[in-house]
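User: Could you walk me through reading a few features of this model? I would like the general idea each time, then the case at hand.

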Amino acid sequence: MLENVKSVSDYRKQIVKALKKAGTYSAGVDMQVLNLATALRTLDMANAQIDTLDEVTVWEETRYGQKLAPHPVFKVQKDAQDSITRQMKILGLTTELLAGTDETDPLVELTKKVVKSGKRKPVVVKPDAD
């Protein structure tokens with residue numbers, strides 16, 4: 001079930017790489033990096049477990065008997081998502097920075113060309129003085 005889930009260490013390396021690329025990495029952010037790496041792994045594990053579910057509810061035993069309740073993994077998933085959002089904001093990371101970009105993606109190439117074409121010195125046209 002968890003064969004494809006990366007380790008906290010793998011996520012940490014990915015985060016540090018993104019922060020270095022952004023020029024914002026320092027040893028002072030290691031605790032936030034670890035928190036984000038842990039939350040990413042937790043989310044990955046929750047999603048892997050959700051993929052195996054046939055139902056989104058479970059029967060829960062209460063002092064009044066049984067009742068239908070949301071599966072606990074959905075709370076784990078939501079908590080992990082909230083933590084990821086919070087930690088990424090603290091670290092100043094975007095999803096794009098964290099995921100990296102695919103240099104072979106045609107859209108990325110087109111975007112680079114558009115950006116480069118916009119770097120030409122603008123020509124200022126002045127109206128003729130009458």
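**Reading the helices and their contacts**

Analyst: Gln87 has its place in helix H3 (residues 72-91); helices are DSSP runs of H or I of at least four residues, numbered from the N terminus. This is a predicted model, in which local features need pLDDT of at least 70 and side-chain atom pairs count only at pLDDT 80 or more, while totals for chains, interfaces and linings use all residues. Residues are numbered from 1 along each chain as its sequence is written, and side-chain values use heavy atoms, with hydrogens and water left out.

User: Is Gln87 buried or exposed?

Analyst: Buried means under 20% relative accessible area, exposed over 50%, and partly exposed in between (1.4 Å probe, protein chains only). Gln87 counts as buried because its relative accessibility is 8%. Contact means heavy atoms within 4.5 Å. Leaving aside neighbours within four places in sequence, Gln87 touches Gln32, Asn35 and Leu36.

User: How do I read the helix H1, and what is its span?

Analyst: The expected span is 1.5 Å times one less than the number of residues. For the 15 residues of H1 that should be 21 Å, and the end C-alpha atoms are 21 Å apart, which agrees.

User: Which residues of H1 are buried?

Analyst: They are Tyr11, Ile15, Val16, Ala18 and Leu19. Seen down the axis of H1, these buried residues fall within an arc of 160°, so they line one face of the helix; the arc is that of the directions from the helix axis to the C-beta atoms. The cover over them includes H2, H3 and helix H4 (95-99). On the other side of H1, Lys13, Lys17, Lys20 and Lys21 are exposed. After H1 comes Gly23, with a positive phi near 75°.

User: How many salt bridges are there?

Analyst: Side chains of opposite charge can pair when their charged atoms come close. The rule asks for a side-chain nitrogen of Lys or Arg within 4 Å of a carboxyl oxygen of Asp or Glu, and the count comes to 4 salt bridges. One of them joins Asp30 and Arg12 at 3.5 Å, N to O. That pair links distant parts of the chain, with Asp30 in helix H2 (residues 30-50) and Arg12 in helix H1 (residues 8-22), 18 residues apart.

User: Where do Asp79 and Lys75 lie?

Analyst: Both are in helix H3, 4 residues apart, about one turn of the helix. Asp79 is partly exposed at 37% relative accessibility, while Lys75 is exposed at 54%.

Technical notes. Helices (H or I, at least four residues) and strands (E, at least two) are DSSP runs, numbered from the N terminus.
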